[in-house]
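Trainee: Hi! Could you walk me through how the helices pack here?
Mentor: Happy to, let's look together.
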Amino acid sequence: TGELQTKLPAPCRRYKPPPSECNPALDDPTPDYMNLLGMIFSMCGLMLKLKWCAWVAVYCSFISFANSRSSEDTKQMMSSFMLSISAVVMSYLQNPQPMTPPW
């Protein structure tokens, strides 16, 4: 038959990601671990006045922020980030000398 058959296009359906219970690969614990490590290193940098601990805390906070999801609550992540920044600032305010390597 020479006539064109017109088909109605399929209705568009919005993508819904599967719940994390179905796919354990979506439940990545890396941001939580980095957040915890950042807080630990921040406290070590503040209490022990170790500059390298404060810088490692900033690094862990950036990793936690980069690996987090947009749906997660950002209050804890931002408090960890501010704690790490304050650890760097306070360690340099107390001792403005350049950082010496820990080794």
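Trainee: Which way do helix 1 and helix 2 cross, left-handed or right-handed?
Mentor: The crossing of helix 1 and helix 2 is left-handed; that term applies if the near helix is turned anticlockwise from the far one by less than a right angle, and clockwise would be right-handed. Helices are DSSP runs of H or I with at least four residues, numbered from the N terminus. This is a predicted model, where local features need pLDDT of at least 70, side-chain atom pairs count only at pLDDT 80 or more, and totals for chains, interfaces and linings use all residues. Residues are numbered from 1 along each chain as its sequence is written, and side-chain values use heavy atoms, leaving out hydrogens and water.

Trainee: What angle do helix 1 and helix 2 pack at?
Mentor: About 160°, with the axes of helix 1 (residues 30-48) and helix 2 (residues 51-67) 7 Å apart. Axes are lines fitted to C-alpha atoms, for helices over the stretch in contact, and angles run from 0 to 180 degrees between N-to-C directions. Helix 1 and helix 2 are therefore roughly antiparallel, the word for angles over 145 degrees.

Trainee: Which residues make that contact?
Mentor: Among them are Met-34, Leu-37 and Phe-41 of helix 1 and Trp-52, Val-56 and Ile-63 of helix 2; contact means heavy atoms within 4.5 Å.

Trainee: New topic: how does helix 2 pass helix 3?
Mentor: In a left-handed crossing. The axes of helix 2 and helix 3 (residues 75-94) come within 8 Å and cross at roughly 155°.

Trainee: Who touches whom there, between helix 2 and helix 3?
Mentor: The contact includes Lys-51, Trp-55 and Phe-62 from helix 2, and Phe-81, Ile-85 and Tyr-92 from helix 3.

Definitions and conventions
Helix = DSSP H or I, 4+ residues; strand = E, 2+ residues; numbered from the N terminus. Parallel < 35°, antiparallel > 145°, perpendicular 65-115°, else oblique.
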